[in-house]
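The sequence and structure come first.

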Amino acid sequence: MIPMDTLFKKLIQAIGEDPNRNGLKHTPKRAADALQFLTSGYDQDLTKIVNGALFPTDTDGMIIVKDIECYSLCEHHLLPFVGKVHVGYIPNKKIIGLSKIPRIIDMYARRLQVQERLGQQICDALQLILKPVGVGVMIEASHFCMMMRGVEKQHSIAVTSHVAGSFKRDARTRQEFLELIRR
Ligand SMILES: [Zn+2]
């Protein structure tokens with residue numbers, strides 16, 4: 001495989017720039033490091049991230065973690081989409097360490113993505129680990145491919161929602177989720 005920094009050097013040339021000029025000399029290496037980090041989610045593993053941080057509980061109340069920052073790359077344009085993820089679930093005898101939820105989000109966000117699939121994968125992962133009574137994931141994100149190019153709409157936000165279990169079956173539960181994340 002051709003190393004990423006060699007490819008970035010060629011890309012800079014294809015843009016019509018001189019990759020050897022002072023400001024760009026170290027750019028291929030830096031850009032490669034950045035892209036490697038932004039796609040590091042492929043090398044991660046759900047079980048390793050959770051690392052046993054599941055705890056027994058008696059509560060059947062809804063647990064919400066909201067406004068989790070999320071940075072991902074749109075797979076159609078390789079441009080960022082950034083926003084917030086809101087997660088809610090009703091436990092079924094076990095809860096997950098709160099800090100694990102953002103780490104699960106990052107694992108899927110640091111890949112080439114579409115927002116719709118990202119939400120589904122987060123929802124499926126929580127289903128798998130927690131087997132909860134119900135779970136919901138909402139993402140609100142701005143897409144740079146819409147803001148900087150194409151339709152050039154800077155203020156539109158894409159909202160996606162994925163629900164399972166009682167969040168899907170029961171309109172009141174879903175309503176409670178929406179109210180809690182809007183607060
Ligand atoms: Zn795009």
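## Salt bridges

The structure contains four salt bridges, a salt bridge being a side-chain nitrogen of Lys or Arg within 4 Å of a carboxyl oxygen of Asp or Glu. Side chains of opposite charge can pair when their charged atoms come close. The model is predicted: local features need pLDDT of at least 70, side-chain atom pairs count only at pLDDT 80 or more, and totals for chains, interfaces and linings use all residues. Residues are numbered from 1 along each chain as its sequence is written, and side-chain values use heavy atoms, with hydrogens and water left out.

One of the bridges joins Asp 33 to Lys 29, with 2.9 Å between the closest N and O atoms. These two residues are four apart in helix α2 (residues 27-38), so about one helical turn separates Asp 33 from Lys 29. Helices (H or I, at least four residues) and strands (E, at least two) are DSSP runs, numbered from the N terminus. Asp 33 is partly exposed at 39% relative accessibility, and Lys 29 is partly exposed at 48%. Here buried means under 20% relative accessible area, exposed means over 50%, and partly exposed lies in between (1.4 Å probe, protein chains only).

## Bridges elsewhere in the chain

Glu 75 and Arg 117 form a salt bridge through their side chains, at 2.7 Å from N to O. Glu 75 sits in the loop between β2 (63-74) and β3 (80-90), while Arg 117 belongs to helix α5 (residues 115-130), so this pair ties together parts that are 42 residues apart in sequence. Glu 75 is partly exposed, with 32% relative accessibility; Arg 117 is also partly exposed, with a relative accessible area of 32%.

Another salt bridge links Asp 106 and Arg 110, whose closest N and O atoms are 3.6 Å apart. Asp 106 has a relative accessible area of 22% and is partly exposed. Arg 110, at 21%, is partly exposed as well.

## Surroundings of Thr 160

Thr 160 is part of strand β7 (residues 158-165) and is buried, at 12% relative accessibility. Its side chain makes a polar contact of 3.1 Å with the side chain of Gln 115. A polar contact is a pair of N or O atoms within 3.5 Å; within protein, one must be able to donate a hydrogen and the other to accept it, and residues adjacent in sequence count only if both atoms are side-chain atoms.

With neighbours within four places in sequence left aside, Thr 160 is in contact (heavy atoms within 4.5 Å) with Gln 115, Glu 116, Val 137, Met 138 and Ile 139.

## The largest pocket

The largest pocket has a volume of about 150 Å³. On a 1 Å grid over the protein atoms alone, a pocket is an open set of points where a 1.4 Å probe fits, with protein on both sides within 12 Å along at least five of seven lines; lining residues have an atom within 4 Å of a point. Grid points are joined across faces, edges and corners, and the volume is the space filled by probe spheres set on the points.

Its lining consists of Met 4, Leu 7, Phe 8, Leu 11, Leu 35, Leu 73 and Leu 78. Helix α1 (residues 4-15) contributes the most, with four residues. The lining has seven nonpolar residues, no polar and no charged; Ala, Val, Leu, Ile, Met, Phe, Trp, Tyr, Cys and Pro count as nonpolar, Asp, Glu, Lys and Arg as charged, and the others, Gly among them, as polar.

## The chain as a whole

The chain has eight helices and seven strands. Of its 183 residues, 39% are buried. The C-alpha atoms fill a box of roughly 65 × 40 × 25 Å along the principal axes. Among contacts between residues at least 6 apart in sequence, 69% join residues at least 24 apart.
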